[in-house]
Amino acid sequence: MSGPLWDSRIPPPDPAPVRWGTWRMIRRGLPIVLMILICMILMLATRVVERLFYGPRRPWTSFFPRFVSRNALRLMGMGLTVIGKPMQHHGAVVANHSTWLDIFVLNAVQRVFFVSKAEVAGWTGIGAMAKAAGTVFINRDRKEAAEQKRLFEERLKLGHKLLFFPEGTSSDSLRVLPFKPTLFAAFFAPELRDEVWIQPVTTRYIAPEGQDVRFYGWWGDMEFAGSLVQVLKASPQGRVEVIFHDPIAVKDVKDRKEMAARCEAAVRSGLPEIPAAYVDV
């Protein structure tokens, strides 16, 4: 998560005890950890050879994050439904940010390179994996718009499809928070504007039967470890839908604020009406 943490007046409930939950967590979590470690080693080794032939391009190693993500969701027992198709144009993907699971879900459905706040690069374990996967690290500061434009242009010219979360933080999975237009500015540079498209994507999480509708949400001061354990123990498990909306040509949009508004509206259209009890949360 990044930026000011979004909060709510109704805190998440304490997770209910789950029969055989600890065993289920180990049975799911251990294979996932082993898979990540093995694929990290293979990806780094592959990158050494790949760099010799393709330089900064990543036609081979971009396979590993998708492989890991698809299989991690299977091992967790989460159902995955995809509606629509990833765009074929060069450009970026923007999505609502509900949970840490978004990284697995959005990697599972297409090959993308995430745009993340610079601090993540220094996080133990996660930072190393993000670097190995080709994540673009930036400071979310308008004063660094020129550097962001340079980084985006460099990666787009390599054929990389970038993905970022314009909300700037994660939520309870029921709603879309206002999209911040800052990162959209780079795509309106003269060198990029006529060539790139942006595709809005909605991720919709359906909680396990009998659980709080915000079961998969990760927000406020919620601990990652607690959320991870809750998901790994879940029985039955829930599911997630990924909805690809029509891509938008940057050249057809006036400015970054209009693009942010259009993408926000498209993403929001993929979520159902918020339950009455949580409307004003």
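**Strands, cores and a cavity**

Mentor: Strand E2 (residues 91-95) and strand E6 (residues 197-206) pair in the parallel sense, over five bridges. Please keep in mind that this is a predicted model.

Trainee: Which residue in E6 is the bridge partner of Ala95?

Mentor: Ala95 takes part in the pairing with E6. E2 and E6 are joined by five bridges. In E6, the residue that partners Ala95 is Val201.

Trainee: Which residue in E5 stands opposite Val94?

Mentor: E2 also pairs with strand E5 (residues 162-164), and the two run parallel. Three bridges join them. Within E5, the residue opposite Val94 is Phe164.

Trainee: Is strand E2 largely enclosed or largely open?

Mentor: A residue counts as buried when its relative accessible area is under 20%. In E2, five of the five residues are buried.

Trainee: Which residues have the most contacts inside the largest nonpolar core?

Mentor: In soluble globular proteins, nonpolar side chains tend to be buried together. Here the largest nonpolar core has 38 residues. Elements giving two or more residues to this core include helix H1 (21-54), helix H2 (63-76), E2 and E6. The residues with the most contacts inside the core are Met76, Met78, Leu101 and Phe104.

Trainee: Is Gln230 buried or exposed?

Mentor: Gln230 is found in helix H7, and it touches Pro15 and Phe215, not counting residues up to four places away in sequence. Its relative accessibility is 17%, and the limit for this class is under 20%. Because of that value, Gln230 counts as buried.

Trainee: How many charged residues are in the lining of the largest cavity?

Mentor: The structure holds one cavity of 30 Å³ or more, and the largest cavity has about 40 Å³ of space. Its lining consists of Ser62, Pro65, Arg66, Asn107, Gln110, Arg111 and Val112. By class, this lining has two nonpolar and three polar residues, and the number of charged residues is two.

Note on methods
Residues numbered from 1 in each chain as written. Predicted model: local features only at pLDDT ≥ 70, side-chain atom pairs only at ≥ 80, totals over all residues. Heavy atoms only, no water. Buried < 20%, exposed > 50% of the residue type's maximum accessible area, 1.4 Å probe, protein only. Helix = DSSP H or I, 4+ residues; strand = E, 2+ residues; numbered from the N terminus. Pairing = 2+ DSSP bridges. 1 Å grid on protein atoms, 1.4 Å probe; cavity = no way out; pocket = protein on both sides within 12 Å on 5 of 7 lines; lining within 4 Å. Points joined across faces, edges and corners; volume = space filled by probe spheres on them. Nonpolar A, V, L, I, M, F, W, Y, C, P; charged D, E, K, R; others polar. Core = buried A, V, L, I, M, F, W, Y, C linked by side-chain atoms within 4.5 Å. Contact = heavy atoms within 4.5 Å.
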